[in-house]
Amino acid sequence: MKKHGANGAKALVLLSGGQDSTTSLFWAKNKFGYVETLSFDYGQRHKIELKSAKKIAKLADAGNTVIKIKEFEALKNNALLDKKINLKGKDSVNKNLPATFVPGRNILFLTVAAAFAYTRGIKDIVIGVSQVDYSGYPDCRAGFIRSMEKTLSIGMEYPVKIHTPLIKLDKKQTVLLAIKLGVLEIMAYTHTCYEGKKPGCGKCPACVLRRKGFDESGVKDPALG
Ligand code: ZN
């Protein structure tokens, strides 16, 4: 593994293959001396996300491990795991949340990531959540992240630090951060679309949010060629 960032510490980045986690990965590369990535195969609608993650990790010269969490598929209670549920609808339990909300997802992901980091001697975990453009997901807020950090540190008796470089950024600011990091072109490989289309259906909530970010930042989405 090539040394990159100024800080000698090791970091583990949760990499979904999307724009936010990819920007967070390159943010981490700038900050830490060693970076590796972790992706989850949790029965998401489209495996294209995992292919994107592999490609991006390679471009970042960072290792990529995929962990399977198949149990999530059995729940089938949200639009990301069940194709029969309308992507633009509301959550079946909490009408304030969108149908794409996967209950417990980031709790589970961060728990598995922390356990994985522990075995690797890594104390810094990076996740690309934003509480500005977070689609209404409660597990993307700062309060949740601080709470998880505390729980994981106590539960493993191991000082886990969860970094959230995008927490206060909207989609436009995330695009601007990618430009500042010099990795705008790499966004061509990121996958956003909930329908699994490449470069995107242009209509699903994820595509709409992505387009808004690029439009407002005044640069063309490199994924659109
Ligand atoms: Zn789409």
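## Helices H1 and H6

H1 and H6 are oblique to each other. This description applies to a predicted model. Helix H1 covers residues 19-31 and helix H6 covers residues 171-180; their axes come within 10 Å and cross at roughly 40°. That angle counts as oblique because angles under 35 degrees are classed as roughly parallel, whereas the roughly perpendicular class runs from 65 to 115. The crossing of H1 with H6 is left-handed.

On the H1 side, the contact is made by Gln19, Asp20 and Thr23. The H6 side contributes Lys171, Thr174, Val175, Leu177 and Ala178. Sorted by class, these residues comprise 3 nonpolar, 3 polar and 2 charged.

## Ala178 within H6

Among the H6 residues that meet H1 is Ala178. How accessible is Ala178? Its relative accessibility is 1%, and Ala178 therefore counts as buried, the limit for that class being under 20%.

When residues up to four places away in sequence are not counted, Ala178 touches Thr23, Val183, Leu184 and Met187. Of these, Thr23 belongs to the H1 side of the contact between H1 and H6. Ala178 and Asn64 are 114 residues apart along the chain, and their C-alpha atoms are separated by 20 Å.

## Helices H6 and H7

Helix H6 also packs with helix H7, which spans residues 205-217. The angle between H6 and H7 is about 65°, and their axes are 7 Å apart. This crossing is right-handed, whereas that of H1 and H6 is left-handed.

From H6, the residues in the contact are Lys171, Lys172, Val175 and Leu176. From H7, they are Leu209, Gly213, Phe214, Glu216 and Ser217. By class, the contact has 4 nonpolar, 2 polar and 3 charged residues. Lys171 and Val175 take part in the contact with H7 and also in the contact with H1.

## Ser52 in H2

Helix H2 consists of residues 48-59 and includes Ser52. Is Ser52 buried or exposed? Ser52 has a relative accessible area of 4% and is therefore buried.

Which residues does Ser52 contact beyond its neighbours within four places in sequence? They are Gly17, Tyr189, Thr190, His191 and Lys198. For Tyr189, a polar atom of the Ser52 side chain lies 3.3 Å from the backbone oxygen of Tyr189.

Terms used
Residues numbered from 1 in each chain as written. Predicted model: local features only at pLDDT ≥ 70, side-chain atom pairs only at ≥ 80, totals over all residues. Heavy atoms only, no water. Axes fitted to C-alpha atoms, helices over the stretch in contact; angles between N-to-C directions. Helix = DSSP H or I, 4+ residues; strand = E, 2+ residues; numbered from the N terminus. Parallel < 35°, antiparallel > 145°, perpendicular 65-115°, else oblique. Left-handed = near helix turned anticlockwise from the far one by under 90°. Contact = heavy atoms within 4.5 Å. Nonpolar A, V, L, I, M, F, W, Y, C, P; charged D, E, K, R; others polar. Buried < 20%, exposed > 50% of the residue type's maximum accessible area, 1.4 Å probe, protein only. Polar contact = N/O pair within 3.5 Å; in protein donor to acceptor, adjacent residues only side chain to side chain.
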